[in-house]
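Q: Before we turn to the details, could you guide me through the reading of a structure, one feature after another?

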Amino acid sequence: MTNRTVQELAEQSYKYGWTTEVEEESAPPGLSEEIVRWISERKGEPEWLLEWRLKAYHHFMRLLGDAQLPAWANVTHPPIDFQAIRYYAAPKPKLELESLDQVDAEILKTYERLGIPLEEQKRLAGVAVDAIFDSVSVMTTAKETLAKYGVIFSSVSEAVKEHPELVRKYLGSVVPHSDNFYAALNSAVFSDGSFVYIPPGVRCPLELSTYFRINAEGSGQFERTLIIADKGSYVSYLEGCSAPMRDENQLHAAVVELVALDDAEIKYSTIQNWYPGDDNGKGGIYNFVTKRGKCAGDRSRISWTQVETGSAITWKYPSVLLQGDHSTGEFYSVALAKGRQQADTGTKMTHIGKNTSSRIISKGISAGHGNNTYRGLVKVLPKAEGAVNFTQCDSLLIGDQCGAHTVPYIEVQNRSASVEHEASTTKVSEEQLFYCQQRGLAREDAQSVIVNGFVRDVVKRLPLEFAVEADRLLEVNLEGTVG
Amino acid sequence: MTQHATATPSWADQFHRFEHNGAEISPAWLRDVRKSAFGNFERLGFPTARKGNEPWKYTNVRPIAEAAFTLAEHAPDAGIDLHAYELPCPRVHQLVFVDGHYEPGLSTEPVSEAGLHSDVLGRHGDGPVVGRLADAIEYRVPLVREQLGRLAPAEGNAFTALNTAFLRDGAFVQIPDGTFVPEPIYLLFISTGAQAVVTHPRVLIAAGADSSATVLQSFHSLDGGAYLTNALTEVVTSPGANLRLCTLQIESGDAFHIATTRMEQARDSRVSSVVVDLGGQLVRRETATLLGASGADVNLCGLYYGAGERHVDNQTFVDHAAPGASSNEVYKGILDDSSHGVFSGGVLVRPDSQQTVAHQVNKNLLLSSDAEVDTQPKLEIYADDVTCTHGAAVGQLDADALFYLKSRGIGEDVARNLLVHGFVSEVLDAIEDGAVRQHVEQAVAECLSGSR
């Protein structure tokens, strides 16, 4: 293991690093009111949406002007030149797609290489996929099946045209454009994303899934996902990401909004494997994402599960606003930082309604020169009678050059609340390794077994096919990192 | 830190007056230290709770920044009855300060020049030196010049800068190498409670190699008043020292209490610190230690009780800068009425600080629906062979436990008191000296029963 070159390892550990030769249509680099208008026009958006974008744009420019970039995260990176980014890139030609035959063969090949069940026959796999290539949604499969149940699963741009009343009502209702720096940027220039609406009482028959791929050079990706689960409905949604290997840092600033009405449940799972940069920290994706769910209705439930193995920098706090009485928020996370990766991730649970509960399980793994930070906030507002929270965040250190940090905030304003937080930091113990080796496992395999055990609490929350992928991802990523 | 909007001309005036009124007999080095500290204060201004200023996120010192405090004048012994503050043991090394001024009539330790002379200092087997810091400065004790302000630099903290700028007196405690001091060293700071005065008590403690001692600092008030105590304590230990520190704070309910403790620990030294905050309107206490060599061990405990509108903010920081050091922290809060408790505990494990053991717990009991707790246990770890844990909990008295006691015929009030007592005892039991523990326990019991 130790004799292999860094290059070999890098190639091996990131197998999604190729690019696809597709003709791209893209906006010139830079951010201006014209670009925002251009994107909006390109997508044939109604006037209200353009105005919404412009409001966000002006807010963003104000923040940028005041240099109000978020500085509190435990990450370092050179200043981002927001004028050097191309805010829109799309495969060309953009026809109205009706069947798979019309999708660019190169793109289909891309997804095939990524192992996404995009093709017709793979519908049987029970997954409906919306694939976002650079900025735009290429196609959404299994539409008919979903239509039978009244489930709307489409790209946001399509939803804007077909269900403007829903989009208008909920877009920005959970993450307003003024929420934070990157949310403002996203609101101004978001290109596409997935839109899901589950009608009352419907249990979505398929796992819905989106695959995000950054392909074009010098572009950023700014997608926006909006999921609404109406009363008594259920949906499980998966998202995966990858990008080519490039020397430059590309910006990914997405916004995800979830709304769960009375008795509804949303399960949102992410496997994030953006290109993390090479071992010297060159290149890689800056993953600055705002994800938030609102348990708007009583007894509603939102659960975030994430496996974060990629990105040069991850800055992501999937949160839940527990507004409805008896609502529940959950956050399960595995974050891996190796090489020169920096991950600052965690969650925010805001208890607003009565008898709300939240549960946070975070597992951080640091290896190489990676730095992993858990940053979380549990807030119990004065009216939130009977709020219960349990938080556990464990860190595993592999090697002596990495760092693991835990920064939880607990703010309690109601005495009936019960809030518990536990955290621990350790390394893979020699005893455990020895035990496994003694039973004939190679040291590396032994470590992989132990790491899999460490993250089991989280990975078992993932849908089966994702769980397998997550295990494999961790294994591949940890190769050569025996401490 | 960001500058407060309001300028502080009164501080500048006062510093000017202070410099030219009694303070000029100080040695030149000290005058320089003060001057540069005041420069730092002017540059920093009082901290604000503005966005991005994390250490001050929950604590707003605007009432301090906006008030005009004057330096406390020396009020000669006003017939203060020390009986209420006496420790239940036959012999103590006691220094008493009234409004920051040394009170020889009440103190037991008249220290002579000979006692502070450098060739006597630090001699094996001698008793402890417990004296005025002003004496130690005047008699040119080298240790003072070496250590004063070294652990608590004025550059980054406005209150530290202010304390150093107005540094005149305080306590100087030195335990010679190999000395075991059986009786407690008692530093008693009494405020007469005059309105709008400020005191800047300064304490320097140096524990020699393989020495052992207990130091109790106690802050009291004779009368309710909106005064400011801005205390600063620096603690240096030599290898193998065993130092037990305890701080009891029962200031007036209108008072502002800012306390900063900076410690540095040498190889195999052990420090146990117990802080008990029962009074004050706004309390901000920072306790930090640098575990600079292997085998260093620190135990930080704290108890804070909030009633009325009290705001108590405890910030701890443990810097594991060497391999094989250990730290343990237990902070507990009881918050009643519309009080506000804040805890922020930082643990930093630097690269190569292998074999570190660091544990931290913060538990809070909310007794009223208007009370608020903000707790933030932080771990920052850059070494892999470590065992670090932290935990935080916020809740109310266990309903099952209450029911259990009541079912055994114990009245609700008594049952509650029992449970609260059980909750605080983990902290108070960390006080090793029997007399000091008894004294503090009594103060806590009085405080808790008086409020119910």
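This is a predicted model: local features need pLDDT of at least 70, side-chain atom pairs count only at pLDDT 80 or more; totals for chains, interfaces and linings use all residues.

Q: Which residues have the most contacts inside the largest nonpolar core?
A: The general idea is that in soluble globular proteins nonpolar side chains tend to be buried together. Here the largest nonpolar core has 251 residues, and those with the most contacts inside it are Val196(A), Ala260(A), Ile266(A) and Leu187(B). Because domain 1 (9–280) and domain 2 (399–452) of chain B both give residues to this core, it lies between them.

Q: Where does domain 1 of chain B touch domain 2 of chain B, and which elements give two or more residues to the domain 1 side?
A: The domain assignment of chain B gives domain 1 (9–280) and domain 2 (399–452), and their C-alpha centres lie 31 Å apart. The contact takes 14 residues from domain 1 of chain B and 13 residues from domain 2 of chain B. On the domain 1 side, the elements that give two or more residues are strand E9 (212–221), strand E11 (242–250) and strand E13 (270–277) of chain B, and E11(B) gives the most, with four residues. By class, that side of domain 1 has eleven nonpolar, two polar and one charged residues.

Q: How many residues of chain A are in contact with chain B, and how many of chain B with chain A?
A: The size of an interface is often given as the accessible area lost when the parts come together. Counted by residues instead, 32 residues of chain A are in contact with 32 residues of chain B. On the chain A side, strand E22 (388–398), strand E23 (403–412) and strand E24 (418–427) are the elements that give two or more residues, and by class this side has 13 nonpolar, 13 polar and six charged residues.

Q: In what sense, parallel or antiparallel, do E24(A) and strand E21 of chain B run?
A: E24(A) and strand E21 (residues 386–395) of chain B run antiparallel and are joined by seven bridges. Within this pairing, Ser424(A) stands opposite Thr389(B), while the bridge partner of Thr425(A) is Cys388(B). E21(B) also pairs with strand E19 (residues 356–366) of chain B, in the parallel sense and over ten bridges; there, Val361(B) has Gly391(B) as its bridge partner.

Q: Is Gln447(A) buried or exposed?
A: The reading rests on a cut-off, because a residue is buried if 20 or more other C-beta atoms lie within 10 Å of its own. Gln447(A), which has its place in helix H10 (residues 443–459) of chain A, is buried, because 24 other C-beta atoms lie within 10 Å. Gln447(A) and Leu433(A) are 14 residues apart in sequence, and their C-alpha atoms are 6.6 Å apart in space.

Key:
Residues are numbered from 1 along each chain as its sequence is written. Chains are lettered from A and ligands numbered from 1 in the order in which they are written. A nonpolar core is a set of buried Ala, Val, Leu, Ile, Met, Phe, Trp, Tyr and Cys residues joined through C-beta atoms within 7 Å. A residue is buried if 20 or more other C-beta atoms lie within 10 Å of its own, exposed if 12 or fewer, and partly exposed in between; C-beta atoms are placed from the backbone. Domain bounds come from an automatic or database domain assignment. Two residues are in contact if their C-beta atoms, placed from the backbone, lie within 7 Å. Ala, Val, Leu, Ile, Met, Phe, Trp, Tyr, Cys and Pro count as nonpolar, Asp, Glu, Lys and Arg as charged, and the others, Gly among them, as polar. Two strands pair if DSSP finds at least two bridges between them.
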